[in-house]
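Let's take a walk through a protein model together. Have a look at the picture first, and then we'll go through a few of its features.

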Amino acid sequence: MNKKMLLSIMALNGDTLASLSKVLNVSVSTLSCKINEQGTEFKQGEIVKIKNHYNLTPEQVDAIFFA
């Protein structure tokens, strides 16, 4: 996962861990663990929500989540 790319997209859109966690309907600590790859990964549905929330291209999704 490309953590820096996701965090930069969040920052460009004015999002924080708290605001994105609400979009994904997960706790801030859960989102932090997913971003930092600490034992849990983003589920397919969460990736789709992030893609739609930020209007990401398929290439951007691949670069972030499948790097």
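Keep in mind that this is a predicted model. N25, though, isn't glycine and still has a positive phi, near 60 degrees. It's also out in the open: N25 counts as exposed because its relative accessible area is 66%, and the cut-off for exposed is over 50%.

N55 is exposed, with a relative accessible area of 66%.

Next, let's see how two of the helices meet. The axes of helix 2 and helix 4 come within 10 Å and cross at roughly 115 degrees, and the crossing is right-handed. On the helix 2 side, the residues in contact are L20, V23 and L24, while helix 4 brings E46, K49, I50, H53 and Y54. Sort those residues by class and you get 5 nonpolar, 1 polar and 2 charged.

Rolling a probe the size of a water molecule over the atoms shows where it is left. The largest pocket here holds about 150 Å³ of space. Which residues line the largest pocket? They are M1, K34, E37, T40, E41, F42, I47, F65 and F66. That lining is made up of 5 nonpolar, 1 polar and 3 charged residues.

Notes:
Residues numbered from 1 in each chain as written. Predicted model: local features only at pLDDT ≥ 70, side-chain atom pairs only at ≥ 80, totals over all residues. Heavy atoms only, no water. 1 Å grid on protein atoms, 1.4 Å probe; cavity = no way out; pocket = protein on both sides within 12 Å on 5 of 7 lines; lining within 4 Å. Points joined across faces, edges and corners; volume = space filled by probe spheres on them. Nonpolar A, V, L, I, M, F, W, Y, C, P; charged D, E, K, R; others polar. Buried < 20%, exposed > 50% of the residue type's maximum accessible area, 1.4 Å probe, protein only. Axes fitted to C-alpha atoms, helices over the stretch in contact; angles between N-to-C directions. Helix = DSSP H or I, 4+ residues; strand = E, 2+ residues; numbered from the N terminus. Left-handed = near helix turned anticlockwise from the far one by under 90°. Contact = heavy atoms within 4.5 Å.
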